[in-house]
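The structure comes first, and the text follows.

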Amino acid sequence: MLISPRRHLCLGTGCCLFLLLWYILGSPLAQVTGIASLEPASVSPSTHNAGNATLGFQTILALSRSPSWRTRGLMAAANLTGLSIYIPPQPPVHPDIAKVFETLGSEYTLHISHGASMAWLAHLDIIKYAIQADFDTALIIEDDVDWDVKIRSQMVRIAESVRNLTQTSANETAPYGRDWDVLWIGHCGEYWEDMFETVFYEDPTACPHKYYYGWAKGNMERMPDHHRAVYWSANPVCSFAYALSRNGSRKVIELLGAGKDVAFDISMMMACRAGKLKCISVVPEVVHQYFPNLTFGVQSMVDIGNGRQVGPDESEFEHIMGSTENILESARCRALWNKRCLRE
């Protein structure tokens, strides 16, 4: 595992002497500024719990309006990979409430569309559910997401990296430590610069640069290929999968509960960037959206909420394989068709 520093250091005799002293004195790895290997002393046995049925979180909650091709594929992937996912009943939102939510703020506020408003309110509802249940941590996923068949082993390495980034003591029993509010593991792109404090590690399950798809491809190509990176969030977009700590859940409700922006994910990203939330991103992402076969023109729930046509009946396309960007071995496609469906 590599740690990329916030500042470039001269790798000379002085650095070698420093590393020698560090080795002799037994300083924690996370205090080393430079390039170093992950040492067992910085890893807690509890990180292995990140490979359990809830990926080391107290629960996995899926955001969904009703049973559909989205939830059927979701649960097929969960069964294949041994994940325990709960879909709480989603309370209805009165159209007048959504309309008021869309107009909150001054005339200078970036106002939200109706479809994005409905999605935002749904995210707030499921976060409130996590607060009411008093979950220590909760992973929230959208119902059309996908992940790699090796998600459980992937998350163990991510837990190790999060603990190194946050300089968590080996005595801390929480798999990911506790020094974070939001752990953003599923997104559609993230920004990165080489001055960011970053934990890198080689990962054969990470999407190679040549297959990475989306607006962040240029950022990805500045990182080591066949590696995964864990760092303090800069610009994560899309709320496919994010974990919240107990404090993080409450902070998100307080900060985002009144809307006043164009979308839930953008507002949360801005809170991360401003330091109001302590957010960590995983790049490339380990959770992404699954797309039904593009020839059918299936619309997202946000697009439908914005007035787009509902599109074809799910019986027309559900049995035909679609694709998932940036996930090498799709759990959905393996479960449903026993095939790989990486979008190339």
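The torsion about the S-S bond of Cys 272 and Cys 279 is about -75 degrees, so this disulfide is left-handed. A disulfide here is a pair of cysteine sulfur atoms within 2.5 Å. The model is predicted, so to speak of local features a pLDDT of at least 70 is needed, side-chain atom pairs count only at pLDDT 80 or more, and totals for chains, interfaces and linings use all residues. Residues are numbered from 1 along each chain as its sequence is written, and side-chain values use heavy atoms, with hydrogens and water left out.

A search of the whole structure finds three disulfides. They are listed below.

| Pair | S to S distance | S-S torsion |
|---|---|---|
| Cys 188 and Cys 238 | 2.0 Å | about 70 degrees |
| Cys 272 and Cys 279 | 2.0 Å | about -75 degrees |
| Cys 333 and Cys 341 | 2.1 Å | about 90 degrees |

With its torsion of about 70 degrees, the disulfide of Cys 188 and Cys 238 is right-handed. Cys 188 sits in the loop between strand 5 (182–186) and strand 6 (198–202), and Cys 238 in the loop between strand 7 (227–232) and strand 8 (241–245), so the pair ties together parts 50 residues apart in sequence. Strands are DSSP runs of E with at least two residues, numbered from the N terminus.

The disulfide of Cys 333 and Cys 341 is right-handed. In sequence order, the bonded cysteines of the chain pair as 1-2, 3-4, 5-6.

Cys 188 and Cys 238 are both buried, that is, under 20% relative accessible area with a 1.4 Å probe, protein chains only. Cys 272 and Cys 279 are buried too, as are Cys 333 and Cys 341. Cys 207 is buried, with a relative accessible area of 2%.

How values were computed. Helix = DSSP H or I, 4+ residues; strand = E, 2+ residues; numbered from the N terminus. Buried < 20%, exposed > 50% of the residue type's maximum accessible area, 1.4 Å probe, protein only.
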